[in-house]
Each structure stands twice: as C-alpha cells, then as structure tokens.
Amino acid sequence: MGLRSGFPLLHQQFKALFRKNLLLSWRNKRATFLQLFSSFIFIFLIFCIQKAIEARNASSTAYKSVADPPSLVSLPIPPCEDKYYIKTPCFDFVWSGDGSARIQRIVSAIMDNNPGRPIPASKVKSFRTTAEVDAWLYSNPMHCPGALHFLERNATVISYGIQTNSTPVAKRGQYEDPTFKFQIPLQIAAEREIARSLIGVPNFSWVVAFKEFAHPAMELFSALDTVGPTFFLATAMFGFVFQMTSLITEKELKLRQAMTMMGLYDTAYWFSWLAWEGIITLLSSLFIVLFGMMFQFDFFLKNNFAVLFLVFFLFQLNMLGFAFMLSAFISKSSSSTTVGFSIFIVGFMTQLVTAFGFPYSDSISRTFRSLWSLFPPNLLAIALQILAGATSTPQDIGVSWSRRTKCAPNDDDCVITIVCNTLILKLKTFTIGY
C-alpha cells in the first residue's frame, strides 16, 4: 500500500480528526447538550419576562391599536379603598357647605344615585367651610382622594369646586389617572344633582359619555430587544468556551505538535474543527429559531425564518472564529474559563451601550461604527434591535427576505440594515477564523 500525499492525505486526515471530534463530543454529552439546548432555557426566561410585562400592561390600551374607542358612560365614584395611595380608615369624598339644607340634599342624592354602588354615610364627611376641609386634609393626609366645595349663591345659582389629591404614587409600577379615576366621576355626579335640584326634576336624565382618542398601538417594551442580546451571547459562550478549552488543551499537552511532526496538515486540523463546530452551531441556531416560534414570539413569527437563522448562525460562527484566534495567545487551558467570562462581561457592557443607540447613528462617523462592529456581540445587539423594532407593535409585519436590504418601515434612524449586518458577520468569520 503506497503512502498518500496531497489532497488524498488531507482528506484522510480530515476524516480521522472529524471522527475524533465527534467522539470527544459524544463522551462529553453534557457540554454538547448545553451547546445545543441552552437556548431553550434562555428563551423560556425571555418568555416569562415578556409575559410579566404584558400582564402588567394588560389594563392599558396604549399598547393596542384603537380605531373606535368604546364610550365610557356613567362613571361611578370609586370606593376610596381602590385608590393606590389611600390609607384606612378612608372617605370616598369630603365636602363643605353643610350650612345649606339644599346642599345637603344634593350631596345625599350624589351618594344615593352613585352608579352601581350607593355611597354609605360612613364614607362621606361634611364641613361648613373650605378652610375646615383644608385643615382636616392637612391633619389627615392620604385618607381621602378629594373634596367637593358647594356655595349656594341664590335660588338659581349653585357654585361648586373640586379639590383632588393627585399624588403620583405607583402600585406595581403603574400610576393611576386621578382625572378619570376620581375627578370626572365626582364632577359628573355634582353637576347632575345640581341640575336636578335647580329644575326640580329628581329623575332628570343626565348622561355624559367620554372616549379616549383613537390611536395606533404604542411600542411595547420588548424583552428580546432588551435582554435578548445578553441571553443569546450567553448561549454562544458555551460553545465559545468549550471550543477554546479543547484547542488550548491540545496545544498545552503538545498533541497538535506531535500530530504535526507525524505529517498532519494544519489545514486538515483547523478544517476538522471548523466543520464539526459549524454543524453544532448550525443545529444550535436552528433550535433558537424553532424554540422562539414555539413560544409564539412575534419576533420569530413575523420576521423571515432565513433572516433570523442567518443572524444567529453567523454570529455563533463568528464567535467560533474568535475562539480560534484567542486560542493562539493562551497557553493554559485553565485560563479559558476566565477569558470566556471576561469576554462575556465586556460583551454585556458593549451590548448595553449599543442598545442605547451608540454608535449606530448619523452623528457617529462610519469609521468608528466599523471599528465598533469588529466585536461580534455588538452586531448581534444591533441586529436584534432592528428585528425587534420591526415587530414592536401588532400592525408591524417584520423583516421579509425581499426587504432584508432595506430599513424597517418604522425605523427612522436606520444606519445599518440586516443584510449589512449579516455580511459583516460573515466577513469577520472568515477573517478572524483564518
């Protein structure tokens, strides 16, 4: 049997090394499992964060497209316990002007005719003058949402004023609207009963309806846009650290030098690693997109499948080339974890800066943007920001394959497109890796 040389020898060495990498991955099943399926855990965490945000904003119509808002009719004066900031014991409202029998009858009618819930006498407190109300409110803060001040000027004129507490206290991160929550219901009730008293018709119909202004959906906070870059960087770091550790270990144990002395082509060595890790990266990227679709994220459902796959695949392939480069400068395998953790921390910080729009804006020079893009996590952050912005509201359609070279319709500050992003990732992969 003759000795092989040239391409046949290169092919033989590649097959042997590829099989060696396969056996190493099979023996280290835990590491291989983390490389392939760690994305499921991170996407599940993003899903939980997103659902918590949506539940918090479920009562708000700001994040929904409202073309014909429903009318709000007969708004009741709410119980004081429903206010965010109230302290018990509390009063639904207090009022001044109880020196007039007519005013007393008007207040009684307000209490009895409150829609859906007559207000009990124990929940209302009366005073003679506005000064007495102010003194009581000052000495009993946060025990009443507001006050009515009546003044009977003559038989046909009754004046009134509303004094509300609009202290902006948050409850579970939300601020209540004192206008719709208290002021308008109290105003409607006061005007209704004053009108009925003046015209002498107790059942006079007084219907006032309110509508919010028609509006498109506001952009909802995107967990994918905010924490997605960090989580997907963490997913890529498993393969990054494992790959770098394997390469450094073989260098530290002189295995690579021994194989070289026995006639191993460097091309076969590096290409075998690239081929095997490329397969793992391909499967990992595919699982990321499939898991995202499984959790019904608009980000994964509306954006084109191929565009999403290429973004994650080229990013992880870029990190693989980055690991190849760093392995040439590290001599101890024990240092690979420290280096990987340092890369993750630096990547987290630069992604955070990128999320705030730096340096991908017209005010920053193109040269600086190119230098910033040399670090792979930065390109991932801006890519996810572009794709998340293209699906931020229900009416957004995402980035299609045909529009990959164009800015998203709702992106007014676009300085880089998805196709530019992926091309840079692809170019860097081959530049760094070789």
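The model is predicted, so local features need pLDDT of at least 70 and side-chain atom pairs count only at pLDDT 80 or more, while totals for chains, interfaces and linings use all residues. Residues are numbered from 1 along each chain as its sequence is written, and side-chain values use heavy atoms, with hydrogens and water left out.

Side chains of opposite charge can pair when their charged atoms come close. Searching the whole structure turns up 7 salt bridges (a side-chain nitrogen of Lys or Arg within 4 Å of a carboxyl oxygen of Asp or Glu). One of them joins Asp68 to Lys211, at 3.3 Å from N to O. These partners are 143 residues apart: Asp68 is in the loop between helix H2 (29-56) and strand S1 (72-73), and Lys211 is in the loop between strand S8 (209-210) and helix H6 (223-226). Helices (H or I, at least four residues) and strands (E, at least two) are DSSP runs, numbered from the N terminus. Asp68 is exposed, at 61% relative accessible area, and Lys211 is partly exposed at 48%. Here buried means under 20%, exposed over 50%, and partly exposed in between (1.4 Å probe, protein chains only).

Next come Lys123 and Glu81, whose closest N and O atoms are 2.5 Å apart. Lys123 is buried at 19%, whereas Glu81 is partly exposed at 41%.

Arg102 and Glu152 also pair up, at 3.7 Å from N to O. Arg102 belongs to helix H3 and Glu152 to strand S4 (residues 146-152), 50 residues apart. Arg102 is buried at 15%, and Glu152 is partly exposed at 33%. Finally, a network of salt bridges links Arg192, Glu193 and Arg196.
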